[in-house]
Amino acid sequence: MPAPAIALPFLRLARPLAILSAAVALSACSAMRPAPLAASDTLPVNQADRQAMRKDVEPIAGPLTLENAIARALKYNLERRSRMMEEALALNQFDVSQYDMLPKLVAQAGYVTRDTDRISLSRNAATGDLSPSQFISQERNRVVGDLGLTWNLLDFGMGYYGARQQANRFLIASEKRRRAMHLLMQDVRTAFWRAASAQKLQADVEKTIAAAEEALADARRAEEERVRNPMDTLRYQRQLLENLRLLEAVSQELTSAQVELAALINAPFGSRIEVAEMKMEGAGAELLKLPVQDMEEVALAQNPDLREQHYNARIAREETRRTLVRLFPNVSFGYNVKYDSDKYLVHRQWNEAGLQLTANLMNLFTGPAQIRLAEAGVALADQRRMATQLSVLTQVHLGRLQLINARNQFERADAIYGTDQKIAALSRNRESAQAQSKLERVSNDTAAILGLLRRYQALAQVQKIESQLLASLGLEPTIGSTSELSLAQLTEQVGRSNDPLQMIRAAGAANPKAQ
């Protein structure tokens with residue numbers, strides 16, 4: 001039968017099969033398309049998430065100290081938990097990558113059938129004539145099995161260097177966790193002192209606002225009764241309104257401090273957090289005792305950004321070795337145990353072993369380009385490391401200068417607050433003796449409140465810049481596992497190792513070196 005006649009039935013069958021397969025694919029895609037979430041779908045998930053967020057979080061008992069706030073953030077902050085999970089995931093990926101170096105053990109089993117017998121003919125080698133006999137050489141239905149062990153030298157080399165790269169990625173995840181820890185401690189310090197200023201000032205702000213409102217009502221009543229010069233009355237009201245505007249701006253700033261601190265330490269929103277009275281003097285003084293040259297040495301050894309670039313350079317060098325391994329010929333060894341139920345076989349079970357050497361000749365042309373690409377990656381990683389080193393040293397010097405300036409600003413704000421406090425006390429005494437108006441008392445009280453607010457803001461700035469400098473130096477409290485330690489133990493360790501000089505001594509004892 002000619003070939004077109006044989007192919008004609010298959011061509012006729014191909015179109016309906018194509019239409020049927022397209023319809024099945026479209027229906028499968030429609031079934032796979034997810035429906036948009038409804039409120040009833042998200043409600044139980046949101047409730048479960050809120051319960052999980054507060055799970056095992058100890059309630060705040062008594063005034064909250066700075067050490068306890070930092071310990072709570074390290075133990076309960078959700079963003080930090082995410083960073084720790086990323087580090088654990090990187091460790092698991094490293095463990096899995098080590099198995100790539102093992103041989104492959106593959107088991108196969110199957111059932112094979114055909115609708116006609118496998119019949120073969122024989123041809124006489126001398127005459128070229130076909131033998132009239134036809135031979136069935138295989139059963140129609142067979143059961144086959146195969147258990148094979150394969151070891152590949154190229155896969156072993158690629159797996160070895162891939163595992164080394166994954167080990168460095170795990171170390172990078174650790175440095176990212178450290179960086180996140182530094183940022184978290186900065187935010188906690190700033191939010192803590194803002195909450196402390198809110199706790200200290202909120203009652204005075206509300207009292208002064210009430211006095212200003214009362215004085216404003218008296219002034220408007222005097223304006224209506226025309227007992228004073230209208231221009232003086234209006235100027236009086238404007239000064240009161242200006243003081244009210246300042247006081248309301250202060251109140252608005254203070255009300256958000258509790259929410260920010262609660263979010264950082266994973267405390268319930270709406271709950272009142274009482275902040276303990278802390279010593280305000282001497283912030284940042286211990287860190288400035290360290291010579292700037294010693295700061296540079298500590299930063300070059302401990303800064304997480306710089307250490308990450310060292311690990312990236314390691315990964316780039318391992319990639320160069322992987323490229324070289326990929327260019328070598330491949331040697332593979334295989335050993336198989338096979339089974340076939342075909343009754344025409346004399347031996348239905350047999351063993352096979354083989355050794356194979358293969359080489360991709362195109363590597364002779366593409367190899368130099370691949371090597372140049374890998375070397376360019378190494379040069380880029382080295383350049384990034386040098387740029388990061390310069391950036392870290394710049395951060396150290398700028399941070400030290402900013403800390404000195406912030407301490408001077410705090411001392412100046414403290415002196416201004418002391419003066420404003422004395423003026424406010426004299427103003428209250430003068431008002432009691434009816435020697436001045438309510439406007440002067442409100443103005444002086446407002447100035448005292450603003451002076452205290454700027455004092456706390458200056459202190460928060462000192463704490464923030466000190467935390468930034470510690471982050472540039474790569475220093476953090478020496479603590480154990482936050483999941484294994486109790487909150488009281490973690491608070492004790494944070495308080496014990498919160499001294500900057502002690503952190504530097506601990507870092508020098510550990511002496512980790514990035515290579």
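Here are some questions and answers about this predicted model. Residues are numbered from 1 along each chain as its sequence is written, and side-chain values use heavy atoms, with hydrogens and water left out. Because the model is predicted, local features need pLDDT of at least 70 and side-chain atom pairs count only at pLDDT 80 or more, while totals for chains, interfaces and linings use all residues.

Q: How many helices and strands are there in the protein chain?
A: Let's start with how they get picked out: helices (H or I, at least four residues) and strands (E, at least two) are DSSP runs, numbered from the N terminus. By that rule, the protein chain has 13 helices and six strands.

Q: What percentage of the residues in the protein chain is buried?
A: Buried means under 20% relative accessible area, exposed means over 50%, and partly exposed is in between (1.4 Å probe, protein chains only). The protein chain has 515 residues, and the buried share is 36%.

Q: Is Gln165 buried or exposed?
A: Gln165 sits in helix H5. Leaving out residues up to four places away in sequence, Gln165 touches Ile315, Glu318, Glu319 and Arg322 (contact means heavy atoms within 4.5 Å). Its relative accessible area is 4%, so Gln165 is buried.

Q: Why is H3 largely enclosed by the rest of the structure?
A: Look at which H3 residues are buried: among them are Leu66, Asn68, Arg72 and Tyr76. Ile265 touches Ala69, Arg72, Ala73 and Tyr76, among others. H3 counts as largely enclosed because its buried residues number 10 of the 11.

Q: Is H8 oblique or roughly parallel to H9?
A: Ala299, Leu300, Ala301 and Gln302 in H8 meet Pro304, Leu306 and Arg307 in H9. The two helices pack with their axes 6 Å apart, at an angle of about 45 degrees. Axes are lines fitted to C-alpha atoms, for helices over the stretch in contact, and angles run from 0 to 180 degrees between N-to-C directions. Under 35 degrees is roughly parallel, over 145 roughly antiparallel, 65 to 115 roughly perpendicular and the rest oblique, so H8 is to H9 oblique.
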